[in-house]
Amino acid sequence: MDAIKNKKILIIDDEPEIREMIERFLRKEGFFRIYTASNFADALAVCRLEKPDAAILDVMLPDGDGFSLLSSLRSFSDMPVLFLSARGEDEDRLLGLGLGADDYMVKPFLPRELILRLMAILKRVYASHTIERLPVFTLGQKTVDLESAVVLGANQGLPLTAKEHSILIKLYENQGRIVTSDALCQAVWGDESFGYENTLMVHVRRIREKIEKDPSNPVFLLTVRGLGYKLMTQESR
Amino acid sequence: MDSVIRILRRFVGSTILVSLLLLLFNLVLLGLLIFKEHHQMPSPEAVVQKISNGLDQEQGSYSITPEAMQLLDTNQAWAMLLSSDGRVLWSERLPEEIPRSYDVTDVAKFSRYYLMGYPVFVWEHKDGLLVLGYPENSFGKYRFDFLTEWLRSLPVRILLLLVCNVALALLVSVLIGTRVVRGIKPLIHGIHTLSKGEPVQVETKGIFNDLSQSINSTSRMLQEKNDALHARDFARSNWIAGISHDIRTPLSMILGYASELEEQPELSSEQKQQAAIIRRQGERLRSLVNDLNLVSMLEYEMQPLHLKSIRLSVLARQVVSDFLNNGLDERYIISLHVGDESLMVTGDERLLYRAITNLVQNSIRHNPGGCEIGLSTGEADGSNQIVVCDNGKGIPKDELADLILLPYTSGRIGPTRQGHGLGLPMVARIAKAHQGELILESDMGEGLKAVLKFPSS
């Protein structure tokens, strides 16, 4: 964790108050190697000199825009970039993400959200040198191992099929929340998934047979009538 | 192009009508002016008949009635009666050079043409042949012989003549008509283009040049007005976008420091609460600014639409699920009824999602005591629709129309009660941007029914 707090963060924004505020929040959170720049040229210079590990970048700068700055940065650096923009239009969002930004936030923002997103980016980029593993979680007496795609019971292991596996991943990512049948179908069969609802029901039934004690009265994988399904794990209950 | 053909047809029709009338008129004139003989005297046939009737034999000598004598005098004509063997039985004013006896050949000759230069006419008398001679050069005598075949085919020939006339008239009128139409066509095209609001530049040559100039200047005027309107809309929309942009930085500071204060352990709980109020109001201001910007973009048709085919049922399920996932208060019961799974609309997913969310949010906000909210998708009157209805307290019927007006619009009565009042106007504008509409039905105590109609795709 501390390795992440060690990272050099560059804040680029033309408003000194915003720079100051973000810097203050970052310091409070434990970051201490923080650099700031107020314009395009300074930002490039700091990047060349200090080689920061991540940047929070404003789209509107007095001497150019954040998008072209990102393009220039990309020519010599792969550091993660979080756009912070006062323009919330979809075009800007898509342009920013399309250029290879790691995230895009619209002002006004809550500092907690900014920190969380920044941490998420840093973790993803710098802490994921270990191979990302799919989660293993327990449902009652059984353990679902998504990494090996098996459900481990008291005395036997039941393998999950590919479809069942993707359904469970999607449900686990949204545990405790309703996932619409459309979203599940899309996760499993892609965009042209209209008409797979009945097939989905069959797969859900098979998953229940593997994870539930009584598949007819499920307690973990619940049906929300007319909407979709919900996975209740120990944590979300 | 229809109008061009119509003009041509009318023109050709009237030309043919005019030429037919002209032909008829000419025939009548021909009868009246040409074939009516101009002298007041009776025709030679009538004269010879009268004289023949007025000539009688009494006791071996012939005498003529005074009326017949009178006729001879006025016509300066002479007369003789030939017996069946060719002798002159009786004569009156007979010139010297006229022979006194004739054989069959002579009679045949003069009855057809002239007798020694005198035009003569004959009539059968009970004693022979009456011959009436007019002065020389007073009449022309011509003979017509016709084949019966020719006579029989005469009506067909006359018909052919008429047809030829009509064909000629048709040809000429089409030629002239196309020339005129060619002159009018650019004008018609110009006016049609004008009505579509596109810029027009018509050739100003030809007989209609003043019309062309008018069309061109009208087009110019329209374009200028359109440009001015667009510029104004653009300025307004930009103004709001600018304000909403400029508000974001100070709002960031307010939200940031207020939420920091909220978490300060050394502050009293009252102070923390106050900080929380500042943060919440800041968040409200944020949503107001965002909504204001979106509504103004929609109002001035500057909101880009990312159109794709969306199934209404998917959208509705997503909205209902998200409300449930985000902890909908227990006072509200939300249900979904999907009529036809396959109903599609072409639209911007985010905007449509926003519209449905706003409708549900509206029902929640206006019924703080709780209510049942029902969503349904279906097809009616050829449009695909999504209905959001509640069984809450409803809205008086006469206030429904105001709900979709922007707040502070002239004409919108009364202050907006809860919320910022942009929710429903935004829904109405999103519907309009998708060529659809928002229909609200309600009355006091009847709940609110909001129908979003979209053209089926």
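This is a predicted model: local features need pLDDT of at least 70, side-chain atom pairs count only at pLDDT 80 or more; totals for chains, interfaces and linings use all residues.
**Stop 1: a helix in the open**

Start by selecting residues 2-34 of chain B, which form helix 1. This helix has 33 residues and spans 47 Å from its first C-alpha to its last. That is close to the 48 Å expected at 1.5 Å a residue. Now colour the helix by burial: the number of buried residues among the 33 is zero, so helix 1 of chain B lies largely in the open.

**Stop 2: where the chains touch**

Next, show both chains together. The contact takes 24 residues from chain B and 23 residues from chain A. On the side of chain B that touches chain A, select helix 7 (209-262), helix 8 (269-299) and helix 9 (312-325), each of which supplies at least two residues. Which helix of chain B gives the largest share of that side? Helix 7 of chain B does, with ten residues. Colour this side of chain B by class and you will find eight nonpolar, eleven polar and five charged residues.

**Stop 3: a positive phi in chain B**

Stay in chain B and pick Arg93(B), in the loop between strand 4 (88-92) and helix 4 (104-112). Its phi is positive, about 50°, although Arg93(B) is not a glycine. Arg93(B) counts as partly exposed because 13 other C-beta atoms lie within 10 Å.

**Stop 4: a positive phi in chain A**

Move to chain A and select Lys51(A), which sits in the loop between helix 3 (40-50) and strand 3 (54-58). Here too a residue other than glycine has a positive phi, with a value near 45°. Is Lys51(A) buried or exposed? Lys51(A) counts as exposed, because it has 12 C-beta neighbours inside 10 Å.

**Stop 5: a cis peptide bond**

Further along chain A, go to the loop between strand 7 (103-106) and helix 6 (111-126), where you will find Pro108(A). Display the backbone from Lys107(A) to Pro108(A): this peptide bond is cis, with omega near -5°.

**Stop 6: a four-stranded sheet**

Finish with the open sheet of chain A, whose four strands run in the order 8-9-10-11 with antiparallel pairing. Strand 8 (136-139) and strand 11 (157-159) are the edge strands, each pairing on one side only. Neighbouring strands of this sheet are turned by 20° against each other on average, direction ignored. Zoom in on strand 10 (residues 150-152) of chain A, which pairs with strand 11 in the antiparallel sense over three bridges. For one bridge, select Val150(A) and its partner in strand 11, Pro159(A).

Terms used
Residues are numbered from 1 along each chain as its sequence is written. Chains are lettered from A and ligands numbered from 1 in the order in which they are written. The expected span of a helix is 1.5 Å times one less than its number of residues. A residue is buried if 20 or more other C-beta atoms lie within 10 Å of its own, exposed if 12 or fewer, and partly exposed in between; C-beta atoms are placed from the backbone. Two residues are in contact if their C-beta atoms, placed from the backbone, lie within 7 Å. Ala, Val, Leu, Ile, Met, Phe, Trp, Tyr, Cys and Pro count as nonpolar, Asp, Glu, Lys and Arg as charged, and the others, Gly among them, as polar. Two strands pair if DSSP finds at least two bridges between them. Axes are lines fitted to C-alpha atoms, for helices over the stretch in contact, and angles run from 0 to 180 degrees between N-to-C directions.
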